[in-house]
Amino acid sequence: MSNKILVIGDSCLDEFVYCHCERLCPEAPVPVLDIISKVSNGGMAANVAENLASLGVNGELITNTDFQSFTKTRYVEFKTNHMFCRIDSKKRVDRITGLQSINLNEFAAIIISDYDKGFLYPEDIKYISENHPITFLDSKSRIGDWAKNVTFIKINEKEYNQSKDYIDSNLHDRCIVTLGEKGAKLGDRVFPTKQVDIMDLSGAGDSFLAGLVVKFLVSGGNIEEGIKFANECAASVVSKRGVSKISGLRA
């Protein structure tokens, strides 16, 4: 088995339109935005893959081929970084094809980045986790029995509370619950994170997930070391504008 990591899931194009705002519209009580710059980068599963690359890891991405036409556009005031609104251009993407023809054993681990946009169905995730020994899942779907063979689930606190009644006891012990500025939790143990000035939370979960899996592999399967490093990775990006990549860290 190689040291490559496979990321599989739905992707989009994240766009940040930075503006100046100095007046309200005379026709309605809404701000008038003067656009000064625009930044674009791959989002969702594509952002997980880009964070692997930032950590110097050999990763491969399988995602929807039309992801650049699926945009999440945020209009942001440049001075304060206040987000006025987010506009999503497309709600669903086409389902993955040819899943059974992928040689999953080429990869040291598989990251399933399921944003519930249609690329992966629960039975697809079930198939992947049944056919590879090391799988990490981040899913916006409500977790069910189809995820029982996943090695670890990365899930935020709100999503966990929505799914916990549907997760069996064995899977509960493999849920890594992110707690924002409080860090992350596995079972009853909380792993605190370094306190930083938060500029933008966009993409923090993707950075956490990439760092978690990389450190897990480097440490020989030590999930606690993985969580600690993942906290560092998330802290490194939330203090920057937009969807930032992990920088200055190595597992």
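**Entry 1**

I began with what covers the buried residues of α1, and found that the cover includes β1, β2, β3 (31-44), β4, β7 and α5. I took contact to mean heavy atoms within 4.5 Å, and I read helices (H or I, at least four residues) and strands (E, at least two) as DSSP runs numbered from the N terminus. I note here that this is a predicted model, in which local features need pLDDT of at least 70 and side-chain atom pairs count only at pLDDT 80 or more, while totals for chains, interfaces and linings use all residues. Residues are numbered from 1 along each chain as its sequence is written, and side-chain values use heavy atoms, with hydrogens and water left out.

For burial I used relative accessible area, with buried under 20%, exposed over 50% and partly exposed in between (1.4 Å probe, protein chains only). Seven of the 10 residues of α1 are buried, so the helix is largely enclosed by the rest of the structure. I listed the buried residues of α1 as Ala45, Ala46, Asn47, Val48, Ala49, Asn51 and Leu52. Just after α1, I came to glycine 56, which takes a positive phi of about 80°.

**Entry 2: how α1 meets α5**

Two packed helices are described by the angle between their axes and the distance between the axes. I looked up both values for helix α1 (residues 45-54) and helix α5 (residues 204-218), which pack at an angle of about 50° with their axes 8 Å apart. The axes are lines fitted to C-alpha atoms, for helices over the stretch in contact, and the angles run from 0 to 180 degrees between N-to-C directions. α1 and α5 are therefore oblique to each other, given that angles under 35 degrees count as roughly parallel, over 145 as roughly antiparallel, 65 to 115 as roughly perpendicular and the rest as oblique.

The crossing of α1 and α5 is right-handed, a term used if the near helix is turned clockwise from the far one by less than a right angle, with anticlockwise giving left-handed. On the α1 side I noted Asn47, Val48, Asn51 and Leu52, which meet Asp206, Ser207, Leu209, Ala210 and Val214 in α5. I sorted the residues of this contact into five nonpolar, three polar and one charged, where Ala, Val, Leu, Ile, Met, Phe, Trp, Tyr, Cys and Pro count as nonpolar, Asp, Glu, Lys and Arg as charged, and the others, Gly among them, as polar.

**Entry 3: how α5 meets α6**

I then followed α5 to helix α6 (residues 223-238), and found that their axes come within 7 Å and cross at roughly 145°. The crossing of α5 and α6 is right-handed. From α5 the contact draws on residues including Phe208, Leu212 and Phe216, and from α6 on residues including Ile227, Phe229 and Val237. By class I recorded 12 nonpolar, four polar and two charged residues for the contact of α5 with α6.

**Entry 4: salt bridges**

How many salt bridges does a search of the whole structure find? I recorded 12, each being a side-chain nitrogen of Lys or Arg within 4 Å of a carboxyl oxygen of Asp or Glu.

I looked at the salt bridge between glutamate 60 and lysine 4, at 3.5 Å from N to O. Glutamate 60 lies in strand β4 (residues 59-62) and lysine 4 in the segment before β1 (5-9), so the pair ties together parts that are 56 residues apart in sequence. Lysine 4 counts as buried at 19% relative accessibility, whereas glutamate 60 counts as partly exposed at 33%.

Lysine 4 also forms a salt bridge with glutamate 106, the closest N and O atoms being 3.9 Å apart. Glutamate 106 lies in the loop between β6 (83-88) and β7 (109-114), so this pair ties together parts that are 102 residues apart in sequence. I noted glutamate 106 as partly exposed, with a relative accessible area of 36%.

Another salt bridge joins the side chains of arginine 74 and aspartate 14, at 2.9 Å from N to O. Arginine 74 lies in strand β5 (residues 71-77) and aspartate 14 in strand β2 (residues 11-24), so the pair ties together parts that are 60 residues apart in sequence. Both arginine 74 and aspartate 14 are buried. Through shared partners, salt bridges join Lys4, Glu60 and Glu106 into one network.

**Entry 5: loop residues**

Asparagine 81 has its place in the loop between β5 and β6, and counts as buried at 10% relative accessibility. Asparagine 81 has a positive phi of about 65° although it is not a glycine.
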